[in-house]
Amino acid sequence: MPDLSRSEESASMGSEQPELSEELQGRLLLAERTDKEINEAVLRPMFQTGLGFWILIGILVAIIALGMFAWGYQIRWGMGTAGINQPVYWGLYIATFIFWVGISHAGTMISAVLRLLKADWRRPITRGAEAMTAFALLMAAMYPLIHLGRVWKFYWMLPYPNSRLMWPNFQSPLMWDMVAIFTYLIGSMLYLYLALIPDLAMARDHTGGWRYKFYRIFGLGWRGTEGEWHKLGQALRIFSVIIIPVFLSVHSIVSWDFAVTIQPRWHSTIFAPYFVIGAVYSGLSALAAILIIVRKTMHLEEFLRSEHFDALGKLILVAGLGWFYFWFSGFIVEWYGNEPVVRELIHDEITGELAPLFWLQMVCNVVPILLLFSKRIRTKPWALLILALAINVGMFTERFLIVVGNLQRNYLPFNWGEYKPTWVEISVVAMTFAGFVLLYALFSRVIPYVPVWEIKEGRLRYSLRRIGRLLVPTAAEIE
Amino acid sequence: MAKAAKPYADHADPDQLRRWGMVVDLDRCTGCQACVVACHAENNIQIAGEDEALIGRTLHWIRIERYWEGEYPNVKARFMPVLCQQCSAAPCEPVCPVFATYHTPDGLNAQVYNRCIGTRYCGSACPYKVRVYNWFAPEFPEPMEQQLNPDVSVRQRGIIEKCSFCIQRIRRADLDASLEEREVEDGDIQPACVQSCPSSALIFGNFDDPDSHAARLARGNRAFRLLDQLGTDPAVIYLKGGETNA
């Protein structure tokens with residue numbers, strides 16, 4: 001590991017114990033650090049906001065302003081300013097909505113599932129993953145509003161006592177959607193916050209000024225007593241278990257928005273698991289990309305090491321293989337069934353007008369799976385970054401094809417149509433991407449990006465024990 | 001529990017059960033589009049204009065689908081009027097989150113304009129693609145704004161609308177009949193498209209009355225329903241066109 005700041009020490013340790021693997025050396029390296037050094041290494045980058053950072057913020061704010069203008073323009077003049085039409089009633093907005101919900105899935109996947117499985121490598125990346133979940137969901141939650149024809153009446157979907165003496169229609173998948181997304185949003189935010197409390201308290205003890213006031217409020221007076229740790233551990237365990245069914249339900253329900261209709265190619269029983277696995281695939285890739293960028297810009301090389309990217313790459317590989325399996329299972333049945341409309345849709349996708357998008361999707365989603373088999377590629381940040389971004393391009397295209405591609409054709413050929421997004425839609429979609437990056441960038445400067453207490457806890461796991469004259473690396477069971 | 005007094009005519013009265021339906025005789029349709037024009041005038045449907053029509057944003061509640069058959073020079077044009085099929089098992093109804101579309105006791109698939117919030121889910125779910133959307137605020141080129149029908153509301157931008165079988169005419173006929181203390185008779189009610197069809201290709205009536213003109217035609221061996229395999233149970237019966245529809 002050439003980019004480790006304390007490489008001289010690891011080299012010296014290596015000469016003493018030549019049989020130690022690189023991976024173990026990395027783990028032991030952190031074990032050697034004191035609490036103070038770890039605190040400092042995490043807190044330091046939070047205060048470094050160079051010119052580049054503020055330029056980035058400026059650009060993001062400009063994009064968001066444009067998007068807000070476009071949204072306002074659409075509200076003022078009508079949905080006609082977007083490119084949707086009859087029969088393509090849902091377009092780029094809904095495709096991006098699915099994309100963001102998908103991105104939000106990896107956070108819980110990483111932190112809850114891996115926490116339950118006691119996978120040790122999760123420790124430094126859980127916070128980044130949970131933050132990604134919360135912010136991606138916030139972006140996703142905007143789309144049901146953005147695509148409403150009368151957004152000023154959005155509250156009619158909420159169950160509240162009203163003069164119309166009516167409930168919303170709980171038969172509608174859109175209601176399920178709303179319930180699932182709000183549950184997941186609240187759950188994932190609480191989950192993010194719970195694990196944050198000890199670190200906010202740590203930051204409180206090392207800062208002054210407005211930051212001190214901020215951390216003092218949100219640190220909830222954490223003192224780190226035995227009882228507090230016990231309760232936190234218990235709360236996190238409960239949350240980890242509860243949030244997994246929620247996370248599975250969210251994308252299943254999003255898929256049922258489509259699957260419960262009788263639109264050809266939407267009406268499919270495999271949609272729910274297919275959407276969930278696709279969400280995990282794109283979410284994990286997005287997480288890998290974000291981690292690589294944050295690691296570089298915030299100099300967290302010490303915490304986010306190649307072993308983490310290796311493990312993350314393996315997870316992406318598994319999710320990718322699963323995605324391809326589900327895609328193929330759906331595709332082969334529809335293709336073999338050879339129903340006229342479905343045949344037309346498949347023909348259109350593979351050799352017709354949508355072929356460039358389809359093949360872009362296939363190349364971006366399948367080639368990374370093959371490359372990720374190589375450990376050398378998994379552990380090279382720049383290679384993993386390219387693959388992760390490619391997967392996200394592929395998954396975005398896939399969602400676009402599912403929504404738009406299948407709406408363009410239907411049972412009565414007279415109603416076939418085309419769809420082209422307008423500047424309004426593109427600006428609004430750009431707004432949510434900029435909003436996500438902005439929230440994430442600000443978050444990384446205010447909140448300790450690496451969960452310090454989890455690192456410290458994990459540090460106890462690996463240590464060098466002296467047995468006789470030999471130094472032996474040991475791994476202990478904790479929790 | 002005592003029944004509350006109802007401020008409106010009770011259409012759910014079992015003695016009066018009705019199932020409104022339409023018969024479309026494809027042999028008679030000439031594709032003249034008179035029904036489309038009459039429907040626009042009757043129901044205050046906004047005029048989308050040429051540019052919008054080109055990108056699939058016409059708001060016709062009834063449309064004439066034209067299909068070409070054969071190769072040049074032996075080409076035939078086939079016409080098929082398609083309107084809301086008023087399905088009994090309508091795919092558009094359960095998906096609406098705010099109950100803007102629901103089923104009336106007399107078998108109509110009704111759309112409540114003021115309740116619609118514009119998710120367009122019903123439009124995506126409808127296999128016939130007969131639900132149209134107000135992409136912009138309604139505009140009527142001069143002098144058409146002078147002839148708006150006072151019985152029908154003009155719809156706001158951002159909501160879905162669709163064929164109602166001219167429900168205002170059905171309710172008017174009910175009221176007239178009850179004032180004259182008689183039953184509504186077959187032929188009393190004519191939606192605008194039926195009234196304007198020069199070749200009488202469209203026949204409207206009560207399918208629950210076996211003697212109605214529409215019910216008698218619907219029993220013929222030319223009868224079929226559009227996309228019947230989907231199980232939507234439409235209330236529009238088509239009569240297959242033969243060689244005469246050339």
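A: Strand S1 (residues 20-25) of chain B runs parallel to S10(B), and 4 bridges join the two. Strands pair here if DSSP finds at least two bridges between them; strands (E, at least two residues) and helices (H or I, at least four) are DSSP runs, numbered from the N terminus. This is a predicted model, in which local features need pLDDT of at least 70 and side-chain atom pairs count only at pLDDT 80 or more, while totals for chains, interfaces and linings use all residues. Residues are numbered from 1 along each chain as its sequence is written, with chains lettered from A and ligands numbered from 1 in the order in which they are written.

Strand S9 (residues 223-224) of chain B is joined to S10(B) by 2 bridges and runs antiparallel to it. There, Phe224(B) has Tyr238(B) as its bridge partner.

S10(B), residues 236-239, is covered on both faces. Val236(B) and Tyr238(B) are buried on one side, Ile237(B) and Leu239(B) on the other. Buried denotes 20 or more other C-beta atoms within 10 Å of the residue's own, with C-beta atoms placed from the backbone.

In helix H13 (residues 340-350) of chain A, the residues Leu345(A), Ile346(A) and Glu349(A) are buried. Viewed down the axis of H13(A), they fall within an arc of 95°, so they line one face of the helix; the arc is taken over the directions from the helix axis to the C-beta atoms. Their cover includes helices H12 (306-337), H14 (355-371) and H16 of chain A, where contact requires C-beta atoms within 7 Å.

Technical notes:
A residue is buried if 20 or more other C-beta atoms lie within 10 Å of its own, exposed if 12 or fewer, and partly exposed in between; C-beta atoms are placed from the backbone. Two residues are in contact if their C-beta atoms, placed from the backbone, lie within 7 Å.
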